[in-house]
Amino acid sequence: MRGGNARVIEERLREEPGSFEELVREFQSMVFSLAYGCLHDRTLAEEIAQDVFLQLDRNLAELDSKAHVRHWLRKVATHRAIDHARRRKAWTSVPLSRAPEPASPEESRDPLLGSLLRQLVASLPPKPRAVMVLRYQEDLEPAEIAEVLNMPVSTVRSHLQRSLTLLREKVARRCGEVPL
Amino acid sequence: MNLDDELKLAFRREEPSAEFAERVLAERRRGRRNVMMRRVIGWSMAAAMLAAGFGVEYRHQAQGEAAKEKSVLALEIAGRQLNRVRAKLVRVQARNGAESE
């Protein structure tokens with residue numbers, strides 16, 4: 001069974017990329033969410049996502065499988081989002097330890113905790129922010145994140161560790177409970 | 001509360017606006033039309049330059065032909081003149097020869 005599943009997965013990974021329209025519909029959520037996770041701005045995230053797909057159209061002939069397309073899209077979308085975040089300069093001057101706390105108090109933890117966490121991640125410098133989004137949105141391992149961002153694995157782990165420590169502190173202050 | 005789980009929930013993928021895919025496809029079509037237009041203009045300009053080049057070459061050739069014709073005409077006129085002069089000389093020589101006898 002395992003061998004059968006592995007074979008199916010392998011065959012799926014080798015799938016032909018498909019038409020451009022099919023790729024847009026299949027990957028629009030991933031690309032948009034990567035940009036939105038990094039920038040916390042829906043309009044800007046859609047602009048970036050559109051540019052990424054138009055760039056995909058120009059490079060599609062060089063991509064030979066759906067897995068290759070997925071990898072390419074993650075890489076390009078993340079790098080574009082980081083570039084935009086740097087240009088905006090609203091975030092990069094804030095060191096990790098001094099990232100601002102969100103102003104809105106939460107009345108109930110559940111509906112607002114997600115929003116709080118997104119705000120906290122959005123307040124991180126661009127690269128640690130991208131690391132967090134790739135880890136928790138795309139479920140990538142540190143080695144895969146390192147490959148997408150062209151950075152050493154040790155740097156990825158360091159960003160993850162420091163970001164999580166900071167988030168724990170800030171959430172504890174807001175919720176009065178230390179998250180595991 | 002498990003922070004890892006909460007972060008995964010917080011960062012679930014979201015959908016862009018409903019018209020996003022259509023906007024991307026429309027922009028792609030617009031971009032391709034612009035590329036085609038630029039190619040058509042480029043080829044037209046190249047063809048026009050080629051035609052202008054041929055035109056100049058043809059004019060030079062035509063001018064050469066005209067020059068050749070003029071040269072030939074000039075030579076014919078000169079030849080006819082020479083023949084007239086020779087004929088006159090012959091007549092004069094013949095007259096002189098008859099008078100001396």
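A salt bridge is a side-chain nitrogen of Lys or Arg within 4 Å of a carboxyl oxygen of Asp or Glu, and in this predicted model A:Glu21, A:Arg25 and B:Glu22 are linked in a network of such bridges.

**Figure 1. The two chains of the predicted model, each built with helices and with 0 strands.**
Chain A has 8 helices, and from the N terminus on its elements run α-α-α-α-α-α-α-α. Of the 180 residues of chain A, 49% count as buried, while for chain B the figure is 11% of 101 residues. Among the contacts in chain A between residues at least 6 apart in sequence, 68% join residues at least 24 apart.

**Figure 2. The interface between chain A and chain B, to which chain A brings 38 residues and chain B 24 residues.**
The two chains bury about 3,000 Å² between them, and 61% of this area lies on carbon and sulfur atoms. On the side of chain A, the residues that lose the most area to chain B are A:Glu46, A:Arg118 and A:Tyr136, which together account for 20% of what that side buries. The interface also holds 7 salt bridges, and the count of residue pairs in polar contact between the chains, with both residues at pLDDT 80 or more, is 12. At least two residues of the side of chain A that touches chain B come from each of the helices α2, α3 (42-59), α5 (109-122), α6 (126-136) and α8 (153-175) of chain A. Of these, α2(A) gives the most, with 11 residues.

**Figure 3. Helix α2 of chain A, which spans residues 20-39 and has a kink centred on A:Phe27.**
The kink in this helix is about 55°, and the helix is mostly covered, with 16 of its 20 residues buried. After α2(A) comes A:His40, whose phi is positive, near 55°. A:Gln28 also has its place in helix α2 of chain A, and this residue counts as buried because its relative accessibility is 13%, under the 20% cut-off. Not counting residues up to four places away in sequence, A:Gln28 touches A:Leu23 and A:Phe53 as well as B:Glu15, B:Pro16, B:Phe20 and B:Ala21 of the other chain.

**Figure 4. The salt bridge between B:Glu22 and A:Arg25, part of the network that includes A:Glu21.**
The closest N and O atoms of B:Glu22 and A:Arg25 are 2.7 Å apart. This pair crosses between chains, from helix α2 (residues 20-100) of chain B to helix α2 of chain A. Both partners count as partly exposed, with B:Glu22 at 42% relative accessibility and A:Arg25 at 40%. A further salt bridge between the chains joins the side chains of B:Glu14 and A:Arg42, at 3.0 Å from N to O.

**Figure 5. A:Asp57 with its salt-bridge partners B:Arg28 and B:Arg32.**
The side chains of A:Asp57 and B:Arg28 meet in a salt bridge of 3.1 Å, N to O, a pair that crosses from helix α3 of chain A to helix α2 of chain B. In the salt bridge that B:Arg32 forms with A:Asp57, the closest N and O atoms are likewise 3.1 Å apart; this pair joins two chains, because B:Arg32 lies in helix α2 of chain B and A:Asp57 in helix α3 of chain A. A:Asp57 is buried, with a relative accessible area of 16%, whereas B:Arg28 is partly exposed at 23% and B:Arg32 is partly exposed at 45%.

**Figure 6. A:Glu138, in the loop between α6 and α7 (142-149) of chain A.**
A:Glu138 is buried, with a relative accessible area of 6%. Leaving aside its neighbours within four places in sequence, A:Glu138 is in contact with A:Met30, A:Leu34, A:Arg74 and A:Val133, and with B:Arg13 of the other chain. A:Glu138 and A:Leu34 are 104 residues apart along the chain, and their C-alpha atoms are separated by 8.4 Å. The side chain of A:Glu138 also makes a polar contact, at 2.8 Å, with the side chain of A:Gln137.

Technical notes. Residues numbered from 1 in each chain as written. Chains lettered and ligands numbered in written order. Predicted model: local features only at pLDDT ≥ 70, side-chain atom pairs only at ≥ 80, totals over all residues. Heavy atoms only, no water. Bend = angle between axes of the 7 residues up to and from the residue. Helix = DSSP H or I, 4+ residues; strand = E, 2+ residues; numbered from the N terminus. Buried < 20%, exposed > 50% of the residue type's maximum accessible area, 1.4 Å probe, protein only. Contact = heavy atoms within 4.5 Å. Buried area = accessible area lost by both parts, 1.4 Å probe. Polar contact = N/O pair within 3.5 Å; in protein donor to acceptor, adjacent residues only side chain to side chain.
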